[in-house]
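This report describes selected helix contacts, the surroundings of the ligand and some backbone features of the structure shown below.

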Amino acid sequence: MKSRIYSFLCLLVLLSSCKDQEKVIDYLQIADGSFLAIEELHGNLEVPWEMQYLPSEHAIYFTQIKGKISKLDLSTNKMKDIYHVPNVFHQRTLGLLGLAIHPNFEKNPFLYICYTTKEGEELFSELSRLEIHEDKVVNTKLLLKIEGGTGHNGSRLLFDQKGYLFWATGDVHSETHAQDSTTLNGKVLRMTADGLIPVDNPIKDSYVYAWGFRNIQGMTETSLGHIFTSEHGDAIEDEVNWIRPLNNYGWIEIEGFHDTAEEKAIAAKSPRTEPSRSWTPVIAPSALVYYGNNLIPSWNNSLLLGTLKSQSLRILKMNSEQNEITQEEIYLKDHYGRIRAICVDTTGNIYLATSNRDWNPQSSFPKKTDDRILKLHPTKDIPKTFLSRFKENKVKATDGKTLYNTYCASCHKEDGKGIKGNFPPLQDTEAVRNSERLLQSVFKGVNGKIEINSVIYEGQMPPFNFLKDEEIQAITNYIRSNFGNQFSEIGLQEIKVARERHTK
Ligand code: HEC
């Protein structure tokens with residue numbers, strides 16, 4: 001009898017582990033040699049922008065950019081739609097973005113969300129509180145409304161350990177907001193759970209907690225209570241910053257570390273805070289989540305960073321004081337596409353959400369079942385095939401194709417076809433044929449309304465004047481002799497003259 005029960009139990013164990021293995025879509029070997037299994041929990045989503053884990057329900061609440069709020073029950077893997085925010089305005093990067101759960105949800109069943117709205121021709125970012133009862137929204141309250149823009153609307157929400165709510169906002173492409181401490185854009189704002197200004201905020205009667213930001217896309221708090229953000233730079237210098245009260249992080253006058261003569265002069269006059277880490281070429285950092293769990297011991301005490309352009313999960317290991325990033329490991333590079341949202345459950349399992357149905361999918365995405373929520377957890381399985389850590393090639397590229405793919409292809413695409421209405425094509429257009437106009441675009445960037453092949457573009461392209469003359473020559477000539485283009489070669493002298501004209 002005993003042995004029969006025993007074999008029955010074995011069968012159960014076998015079945016359940018078979019079931020688990022069925023869901024595993026990949027294995028990943030991490031730097032310490034151990035393996036993580038990766039399961040797909042859910043597919044066919046549209047740009048899950050933020051995921052927050054609620055321990056008491058063992059569930060993930062998440063937003064999708066067009067306005068939906070849903071709940072994924074991790075015990076049953078069932079998804080339930082909770083709400084559609086009625087006044088969300090979605091276009092390109094605008095829509096329903098950040099989400100936070102009240103730290104005492106059982107007593108105060110509130111979700112906090114931020115999103116874009118449009119009134120007439122004017123855009124706004126709203127922060128609202130939703131009261132939840134039996135998975136339905138029974139009450140909504142607008143807590144704060146700030147200027148919105150056609151891009152750079154941030155934003156993330158975070159409750160710190162003391163119960164204050166932080167809102168990281170974007171500069172809405174303004175040239176003055178980030179350096180103006182009296183406006184609420186390009187800032188980290190701090191408020192009470194009721195949306196009021198705390199009496200101990202660093203500026204009296206102001207939400208402003210820290211300033212000098214361009215477009216924050218990730219925010220988290222470490223176990224020691226340090227707040228970190230991730231931020232999109234222009235064509236250079238994406239950043240992760242350690243946020244402290246009243247510090248000025250430099251944008252729009254300073255990008256990244258204080259490493260040019262102009263930047264040093266500015267920082268000498270009035271104090272500016274340097275980032276904890278910066279990336280050039282840019283990686284487009286997004287979700288930033290502190291990992292303080294021993295389930296994956298070698299990742300304990302690190303920041304998990306999801307990236308869009310570089311399509312990866314990065315492990316930023318921290319020192320024990322949690323004020324420095326000491327090491328970076330790169331995983332899943334280009335494998336699942338853009339990673340925008342991350343959360344961690346109490347056990348230490350990690351959840352990622354892809355963002356391949358957004359305005360700027362990278363080549364060979366979206367896949368059929370995008371966007372997806374994936375789960376990463378340690379496994380004792382010894383897989384035959386697996387993904388491994390990505391090693392960056394630090395050799396500096398000089399050929400036109402590699403330079404183009406590094407600096408231009410994330411928007412104009414590897415085939416130069418762009419994305420209609422968002423990024424103009426570089427094939428057979430006057431903007432590429434006319435060498436003077438092409439060089440002006442590269443040195444000064446492009447702004448405002450332009451028409452190419454009778455399609456209107458109203459985007460922003462950053463200047464690439466930080467590239468060397470030889471690099472610009474290689475890129476522009478690559479464009480002029482590819483994608484079906486057969487335009488004459490640009491010489492180094494013409495580039496030198498154009499630099500003089502456009503950057504002095
Ligand atoms: C972050 C996205 C992005 C990147 C990276 C980017 N561009 Fe652009 N580019 C744009 C957008 C958006 C426009 C249209 C701007 C507008 O509507 O005003 C544009 C326009 C252009 C134009 C047309 C300008 C005209 O005169 O009509 C050229 C040429 C161009 N880009 C070349 C490049 C080259 C070369 C690179 C790499 C060195 C590059 N771009 C990198 C977004 C980008």
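## Helix packing and the ligand shell

In this predicted model, helix H6 and helix H7 (residues 469–480) have axes that come within 11 Å and cross at roughly 130°. Angles over 145 degrees would count as roughly antiparallel and those from 65 to 115 as roughly perpendicular; H6 and H7 are therefore oblique to each other. Their crossing is right-handed. On the H6 side, the contact is formed by Ser435, Leu438, Leu439, Val442 and Phe443, and on the H7 side by Ile472, Thr476 and Arg480. Sorted by class, the residues of this H6 and H7 contact are five nonpolar, two polar and one charged.

H6 also meets helix H8 (residues 492–503); the two axes come within 10 Å and cross at roughly 55°. That angle makes H6 oblique to H8. The crossing of H6 and H8 is right-handed. H6 contributes Ser435, Glu436, Leu439, Gln440, Phe443 and Lys444 to the contact, while H8 contributes Glu494, Ile495, Ala498, Arg499, Arg501, His502 and Thr503. The class composition of the H6 and H8 contact is four nonpolar, four polar and five charged residues.

Helix H3 (residues 400–407) packs on H7 at an angle of about 95°, with the axes 8 Å apart. H3 is therefore roughly perpendicular to H7. Gly400, Lys401, Leu403, Tyr404 and Tyr407 of H3 make this contact with Glu471, Ala474, Ile475, Tyr478 and Ile479 of H7. By class, the contact of H3 with H7 comprises seven nonpolar, one polar and two charged residues.

| Helix pair | Axis distance | Angle |
|---|---|---|
| H6 and H7 | within 11 Å | roughly 130° |
| H6 and H8 | within 10 Å | roughly 55° |
| H3 and H7 | 8 Å | about 95° |

The ligand has 25 residues around it, of which Cys408, Cys411, His412, Gly448 and Met461 come nearest. The shell around the ligand divides by class into 16 nonpolar, seven polar and two charged residues. Helix H4 (409–412), helix H6 (435–444) and strand E26 (450–452) each provide at least two residues of this shell. H6 provides the largest share, four residues.

A nitrogen atom of the ligand is 2.8 Å from a polar side-chain atom of His412. A polar backbone atom of Tyr457 lies 3.0 Å from an oxygen atom of the ligand. For Glu458, a backbone N or O atom is 3.5 Å from an oxygen atom of the ligand.

Some features of the backbone remain to be described. Most residues other than glycine have a negative phi, and most peptide bonds are trans. The peptide bond from Thr280 to Pro281 is cis, with omega near -5°. Pro281 is placed in the loop between strand E18 (277–279) and strand E19 (285–291). A cis peptide bond also runs from Phe365 to Pro366, with omega near 0°. Pro366 is found in the loop between strand E24 (350–354) and strand E25 (373–379). His152, a residue other than glycine, has a positive phi, near 55°. The position of His152 is in the loop between strand E10 (136–147) and strand E11 (156–159).

Definitions and conventions. Residues numbered from 1 in each chain as written. Predicted model: local features only at pLDDT ≥ 70, side-chain atom pairs only at ≥ 80, totals over all residues. Heavy atoms only, no water. Near = heavy atom within 4 Å. Polar contact = N/O pair within 3.5 Å; in protein donor to acceptor, adjacent residues only side chain to side chain. Nonpolar A, V, L, I, M, F, W, Y, C, P; charged D, E, K, R; others polar. Axes fitted to C-alpha atoms, helices over the stretch in contact; angles between N-to-C directions. Parallel < 35°, antiparallel > 145°, perpendicular 65-115°, else oblique. Left-handed = near helix turned anticlockwise from the far one by under 90°. Contact = heavy atoms within 4.5 Å.
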